[in-house]
Amino acid sequence: MAGLFERDGCGRGRGRGGWAGEMWPRPGPPLGRQLGSGGAPPEKGGSTAPPWPPKLHSGQFTSIPKNADRFPSGIDNEKNNQGIMEEWNQNENENKDNPVTLAEMSLLNKLIRKSLVESYHHVEVLQCDPTSPLFSVRTFEELHLKDELLQGIYAMGFNKPSKIQETALPMMLADPPQNLIAQSQSGTGKTAAFVLAMLSRVNPNHPFPQCLCLSPTFELAIQTGRVIEKMGKFCVNIRVAYAIRGNRMPRGTVVQEQIVIGTPGTLLDWCFKLKLLDLKKIKVFVLDEADVMIDAQNYADQSVRIQRALSPDCQMLLFSATFEDPVLQFAQRIVPDPNFIKLRREELTLNNIRQYYFECENREVKYKALCNIYGSITVGQAIIFCQTRRNAKWLCLLLSSDGHQVSLLSGELTVEQRADVIQRFRDGKEKVLVTTNVCARGIDVKQVTIVVNFSLPTTVTGQADFETYLHRIGRTGRFGKKGLAFNMVERCHLPLLFSIQAHFKTFIKRLDPDDMDALEKIED
Ligand SMILES: Nc1ncnc2c1ncn2[C@@H]1O[C@H](COP(=O)(O)OP(=O)(O)OP(=O)(O)O)[C@@H](O)[C@H]1O
């Protein structure tokens, strides 16, 4: 590493947020979709938008994003590197990655996920009427669904209900309809459950909105709409409309679609300003991602306004991945006499993770320690966390020049690009993922064996960020597997490390970066 740009990580000024990422290219949304046609294109007279969804070109974001192309191709040219690094260093402030919002994380998870997330937890049920019997089903047939709906479910590859669906579906499809507040972690089958409930309650012969689904963002509404279109593929005459930004409806338009999905702001306009739908005719009202909803914008009041205009016998269904107090209060405000279903979240713990630290003078010494880890132990896949985009790019280039298959994930990529990078890493196409905080949470890559904190996570006030630390290293050592976590720490940052140790009542063992023997013993 001799000759590379020297840099001390201590005493550096903190940067401003540098989020430059749009969610993804913004095409106009589809206006309304006819189901029962195997995924029909937008209606005639509908959107003139570019094709949906936007296409990713394969291999486009496999390692280093386009804007890193200021590097000369011969990146082992130390002289060139040094000049570029110095120039980059002057613009340090632009390189802090903003934390990812809940809405972005939720979308990212949906884009990546191909199947149900395994859950080892029990379903807890609290009924509003404890005397009514509690049903649970093991098959979709037991639900006596319409044939075309069953066909749609099987075409999606669902063989049996997920854990939450076993209990939630009988409650959601009961007669008379029951209200439900359900919480379970992302990927456990909530969306599929309420889509099924909406599709089974719709009367296809009535050409007016009967089910309303509120989503927190444009992108999440589109994702849910696609599930409705897929599951309802064989349901002739059922249609879905999107009440989302950009989908302008002239006053006096008669909305004939039976299912309307949208974001609260646009739906408010459709209902109260433009009077496009009669809320009294809505039979099912779904509030999806309530936790994201109250985090993303002040949507709570808008949702309550819509809910108040519904008929008292409209069925209310509310879903959330978490049940913090504000979510629960919101849920209880909006859903009268609710049944509760709860699938406990998997708790991250440090018990299965062996943690180590190296005291390093600067980032070159950190890099050397990293190389020594690779030289001493067998690393399956690794995630390396940096505090700034600049450091992440620098590290990524060094690692690839040393022959590692490495990919870079930072906040300047769009959500779709990030999903692509994570998917490739999951598929094992790259063995090392260098990132800032953007992928610290929610993303489950089971085969990760080591996590490296190239910089310790800190809060805006410069304190140790315990929660981020837990989420970063909680990526490894999951489901009973043993994981390894390495922290590279400058001397002036040692108090941060000790406060992490004290906070989690855990032990982080010191290692000498040059002591290969000690490193080799780690695996024993
Ligand atoms: N019964 C099932 N059998 C097999 N796959 C299913 C089943 N139910 C849902 N899935 C699939 O599992 C994945 C996650 O389901 P779904 O999106 O409904 O979960 P979710 O809890 O709503 O997640 P999120 O909170 O992120 O929206 C999807 O790919 C979905 O198609």
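Visitor: How many Å separate an oxygen atom of the ligand from an N or O atom in the side chain of K190?

Guide: To read a polar contact, look for a pair of N or O atoms within 3.5 Å. This is a predicted model, and here the K190 side-chain atom sits 2.9 Å from the ligand oxygen.

Visitor: Which backbone atoms reach ligand oxygens too?

Guide: Take G187 first: one of its backbone N or O atoms lies 2.8 Å from an oxygen atom of the ligand. Then there's A192, with a polar backbone atom 3.0 Å from a ligand oxygen. On its own the ligand has 630 Å² of accessible area, and the protein covers 85% of that.

Visitor: What kinds of residues make up the shell around the ligand?

Guide: Sort them by type: five are nonpolar, nine polar and six charged. Helix α5 (residues 190-201) gives the largest share of this shell, three residues.

Visitor: Okay, over to the sheet. What is the order of its strands?

Guide: Go from strand to neighbouring strand. You get β12-β13-β11-β14-β15-β10-β16, an open sheet of seven strands with parallel pairing. At the edges, β12 (406-409) and β16 (508-511) each pair on one side only. Neighbouring strands are turned by 20 degrees against each other on average, direction ignored.

Visitor: How many bridges join β10 and β15?

Guide: Seven, linking residues 353-359 to residues 483-489 in the parallel sense. One to find: E359, whose bridge partner in β15 is V489.

Visitor: And which strands does helix α12 touch?

Guide: Helix α12 (residues 389-401) packs on the sheet against β11, β12 and β13, and its direction makes about 170 degrees with that of β12. Helix α15 (residues 494-504) lies across β10, β15 and β16, at about 165 degrees to β10.

Key:
Residues numbered from 1 in each chain as written. Predicted model: local features only at pLDDT ≥ 70, side-chain atom pairs only at ≥ 80, totals over all residues. Heavy atoms only, no water. Pairing = 2+ DSSP bridges. Helix = DSSP H or I, 4+ residues; strand = E, 2+ residues; numbered from the N terminus. Axes fitted to C-alpha atoms, helices over the stretch in contact; angles between N-to-C directions. Contact = heavy atoms within 4.5 Å. Polar contact = N/O pair within 3.5 Å; in protein donor to acceptor, adjacent residues only side chain to side chain. Areas by Shrake-Rupley, 256 points an atom, 1.4 Å probe, with all protein chains shown as cover. Nonpolar A, V, L, I, M, F, W, Y, C, P; charged D, E, K, R; others polar.
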